[in-house]
Amino acid sequence: MSPPNYYDSYPPLFRPNTTPLNGQVQENPPTPDPDPLPVIDLERLAHDGERQKLAQACQDWGIFRLVNHGVPTTLLAQLYGHAKRIFSLGFESKQTQICGPVAYFWGTPALNLAGRVIEREEGPPTSNVKWFEGFNVVMNKLLEVHVDDPLLDSFRLLLEEYGRHQTRLATTIFEAMAKDLSLDQEQSDCYLCPSSGSMRVYRYLRCPEADQVSWGIDAHTDSSVLSILNHPEVGGFQVQKDNEWLDVEPVPNTLVVILGDMMQAMSHDKYKSVKHRVKANKHEERISVGYFVFPDENGVIRSPKYKPFTYADFRAQVQQDLKTIGYKESGLHHFKLNHTT
Ligand SMILES: O=C(O)CCC(=O)C(=O)O
Ligand SMILES: [Fe+2]
């Protein structure tokens, strides 16, 4: 199943000239200190005290750890086991065999709705390539297809099951936020659209130039309402807090919930869409799974801080930025009232 040379599974641009490591890790980095991220207990979210904690975390941090989330550890183990096996297939097979609702991509996180890379107007990037590959997963299409390859087909079913848990979590967390923000039912229904959910499974590749390249993924905010990240083994994820970057280390049995740009706009800037990034790593590969949920495409987001806009308007703007300037930090400034540029 694995290619004969371990690095044949890497996109050719990222293959080292040196002897392959055959999957072995060279050195272990030192064990980091625990970080101060707020922790929210999903099972207690019906209680006022926990909801207040959640509201505070959304205002002060825009990110928190989630415990007692109810995603079975066996499901996570199977999902990661399958992801590792599929990532270790030869690069060419990944490019040709993985398509449909699970699409293969590498080198850039800038993808369109169908999971295809958004090319810059001036042509494909040469110097700004990111050291990762991944699968973009359109969740509501996962059950419509059958894949002949048994490994890919069981990966599809695991993603579907994992995705259902993520939808449950996002809906429960959003309900608690909506209560804190006094959103009415009509707003809540259009501000969180569970069928918009998508997932990304990333493998950050060993990067021999990690000292110079630095970022597996550049600093950005997510366009989503909520994103839920699982990175069980290898650190490298950082968030910005009070203009400083903090390491967010993997903690067993926890998920990391990130507030996106849409959540910030819906909360009239009371909540924060948090900036985050991933460091490149010389020694270890890092696998992560992100789930992203968005508002209804055409529902209007209204706030005294912003011009009325739909998520479709926002996405078009972000895609335009990606084509012209090549990156997205946050697209919200385009819609902000009293915006002068
Ligand atoms: O892989 C990660 O840990 C983060 C990925 C991320 O920030 C994103 O896909 O927006
Ligand atoms: Fe992100």
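Colleagues, the model is predicted: local features need pLDDT of at least 70, side-chain atom pairs count only at pLDDT 80 or more, and totals for chains, interfaces and linings use all residues. Residues are numbered from 1 along each chain as its sequence is written, chains are lettered from A and ligands numbered from 1 in the order in which they are written, and side-chain values use heavy atoms, with hydrogens and water left out.

I begin with the ligand. Which residues are around ligand 1? They are Tyr202, Tyr204, His220, Asp222, Leu229, Phe237, His276, Val278, Arg286, Ser288 and Phe292; a residue is near a molecule if one of its heavy atoms lies within 4 Å of it. This shell divides into 6 nonpolar, 3 polar and 2 charged residues. In that division, Ala, Val, Leu, Ile, Met, Phe, Trp, Tyr, Cys and Pro count as nonpolar, Asp, Glu, Lys and Arg as charged, and the others, Gly among them, as polar.

An N or O atom in the side chain of Tyr202 is 2.5 Å from an oxygen atom of ligand 1, and for Tyr204 the corresponding distance is 2.6 Å. Asp222 places a polar side-chain atom 3.1 Å from an oxygen atom of the ligand. On its own, ligand 1 has 290 Å² of accessible area, and the protein covers 94% of this, by the Shrake-Rupley method with a 1.4 Å probe.

Which strands supply the shell? Strand E5 (193–204), strand E11 (276–279) and strand E12 (286–294) each give at least two residues, and E12 provides the largest share, 3 residues. Strands here (E, at least two residues) and helices (H or I, at least four) are DSSP runs, numbered from the N terminus.

I turn now to the sheets. An open sheet of 8 strands has the order E1-E2-E10-E7-E12-E5-E4-E3, with mixed pairing; two strands pair if DSSP finds at least two bridges between them. Strand E1 (39–41) and strand E3 (102–106) are its edges, each pairing on one side only. E1 runs parallel to strand E2 (residues 63–67), joined by 3 bridges, and Asp41 stands opposite Val67 in E2.

The other open sheet that I describe has 4 strands in the order E6-E11-E8-E9, and its pairing is antiparallel. Strand E6 (215–220) and strand E9 (244–248) form its edges. Strand E8 (residues 237–241) pairs with E9 over 5 bridges, and Val239 stands opposite Leu246 in E9.

Terms used
A polar contact is a pair of N or O atoms within 3.5 Å; within protein, one must be able to donate a hydrogen and the other to accept it, and residues adjacent in sequence count only if both atoms are side-chain atoms.
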